[in-house]
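Trainee: I have a model open and would like to go through it with you. Could you walk me through what stands out?

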Amino acid sequence: MAKKNKKIERPKHKPTKRQLSSWQKQKRRQRIIFGVGIAFILIALVLVILGLNDCYVNEKKPLKETAIEVNGETFNMGYYIDYLSYYTGEYYYLAGYYADVVIQSIQYNELMEQEAAELGIVVSEDEIKEELKDSELPDTQVTRDIIMSQLLLEKMKEEYFDPQIEVSADQKHVMAIFLESQSQAEEVRQRILGGEEFGEIAAEMSLEAYTKQESGDLDWKPEGVIDSLLGTSVLEGFIDGYAVGTLSLPIEDTEKTKDTGYWLAMVLERDEESGEAHTKAILLGSEEEALAVKERLDEGEDFDVLAEEFSQVWSEEDGADLGWIAEGDLGGVLDSFAFDQETGLNTISQPVKDESRETIGGYWLFKVLGEEYREISEDDRGRIANQMLEEWLTQIWEDPENEILSYIDETKKQFAVDKVSEQ
């Protein structure tokens, strides 16, 4: 029988001091390496958390930041963005154009609510809910506030301002017409003095919509209504100085707009291949003014200098230069001049009338047909109340006691515009 191999016991040696020291150093290195590994893992986790926090800082936190403040009442960026989105609707790409308008609208609405409450005029929760339902609008804070402001405007007119208006007042029956120039107004005045009907001429020639539609007849009007009705600030001051039955002299109005203008144009180049013409133009408010400017151009005065002085389409960037235009541009009013091959380059056109272009300035003629004390009509009461409301809004907006602040800078506006575009 084979003998089993005898297990040889290796002698056990005690580690030397040197070996102990080496082992201890190795263990310390392992602990350090392990600790550094844990530290790196923790740092990685922190970076992830910080990354998530950046998302919050960049996307969530600004929505909570105060954007607008009105006498201590605050509105955050989220509210501003929602309001801007509601204001632009499907035309979200116009958000940039309305960014400032919306800021002022929020400020106006809140200021109006505060001031109206002090006068005892408030809109109830039930009124807001009913209007939201009737309008089929979503129930959000923005829509609620917008509905509230609309209802509040009506309440201010009906419950606060209308009761202040007298039932009856001194009124005048007035005829009026708006014309493009002093010479035209003088000509029309002579026609009326010669026996032609004021109303027939007004229906044919007036450049103000209401007087044209009503054949010049403003009917009976109390003080403060005529200027509001006609969109002017000069007429009533003159009316008070004229006796019944007297036809006025021409009265200049430098702020009233009209849908009539006159072009003076000059073609610099033509492109036969594209069919376009490189054109400069001056837009004047009357034929009389256009003829006077053309005379100066014909005498050699500089086109751009006169354009800067007189044109109603002058641009700081392009001056009088309309660039390359094709047939049909500008409503086609310059086509017969700009694209006529017989029209020489750098030739000044005759005045070209454009009834689609709005210009500023003109002359009034009026005649007072009668004066008496009578009841104010419902329409005129509404106009007076509107005027009182506008004056009140202007007054509270300009009140130095109000603290109206906006913290929305250009960067925040762009943030809001981008958010609206994403919705």
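Trainee: Before that, what should I know about the model and its numbering?

Mentor: This is a predicted model, in which local features need pLDDT of at least 70 and side-chain atom pairs count only at pLDDT 80 or more, while totals for chains, interfaces and linings use all residues. Residues are numbered from 1 along each chain as its sequence is written, and side-chain values use heavy atoms, with hydrogens and water left out.

Trainee: OK, the open sheet of four strands: what is the strand order?

Mentor: The order is 8-7-6-9, with antiparallel pairing; strands here are DSSP E runs of at least two residues, helices are H or I runs of at least four, and both are numbered from the N terminus. Two strands pair if DSSP finds at least two bridges between them.

Trainee: And which strands stand at the edges?

Mentor: Strand 8 (321-325) and strand 9 (352-354) do, each with a single partner strand, so one side of each is left without a neighbour in the sheet. From one strand to the next, the twist averages 40°, where axes are lines fitted to C-alpha atoms (for helices over the stretch in contact) and angles run from 0 to 180 degrees between N-to-C directions.

Trainee: How many bridges join strand 6 to strand 7?

Mentor: Nine bridges join strand 6 (residues 261-271) to the antiparallel strand 7 (residues 276-284), and Trp263 stands opposite Leu283 in strand 7.

Trainee: Which helices lie across those two strands?

Mentor: Helix 11 (residues 287-298) lies across strand 6 and strand 7, at about 45° to strand 6. Helix 12 (residues 303-310) also lies across strand 6 and strand 7, running at about 45° to strand 7.

Trainee: Switching to the largest nonpolar core, which residues touch the most other members?

Mentor: Of its 44 residues, those are Ile68, Met77, Tyr80, Leu84, Ile106 and Trp392. A nonpolar core means a set of buried Ala, Val, Leu, Ile, Met, Phe, Trp, Tyr and Cys residues joined through side-chain atoms within 4.5 Å, with buried meaning under 20% relative accessible area, exposed over 50% and partly exposed in between, for a 1.4 Å probe and protein chains only. The elements that give two or more residues to this core include strand 1 (66-70), helix 2 (77-88) and helix 3 (95-118), and helix 3 provides the largest share, eight residues.

Trainee: How do helix 2 and helix 3 pack?

Mentor: They pack at an angle of about 115°, with their axes 9 Å apart, and are therefore roughly perpendicular to each other, a label that covers 65 to 115 degrees, whereas under 35 is roughly parallel, over 145 roughly antiparallel and the rest oblique.

Trainee: Is Ala116 buried or exposed?

Mentor: Ala116, which is found in helix 3, is buried, with a relative accessible area of 0%. Not counting residues up to four places away in sequence, Ala116 touches Ile121, Leu152, Met156 and Trp392. Ala116 and Met156 are 40 residues apart in sequence and 7.5 Å apart in space, C-alpha to C-alpha.

Trainee: Last topic: what is the phi of Asn71?

Mentor: Asn71 has a positive phi of about 50° although it is not a glycine. Asn71 lies in the loop between strand 1 and strand 2 (73-76) and, at 32% relative accessibility, counts as partly exposed.

Methods: Contact means heavy atoms within 4.5 Å.
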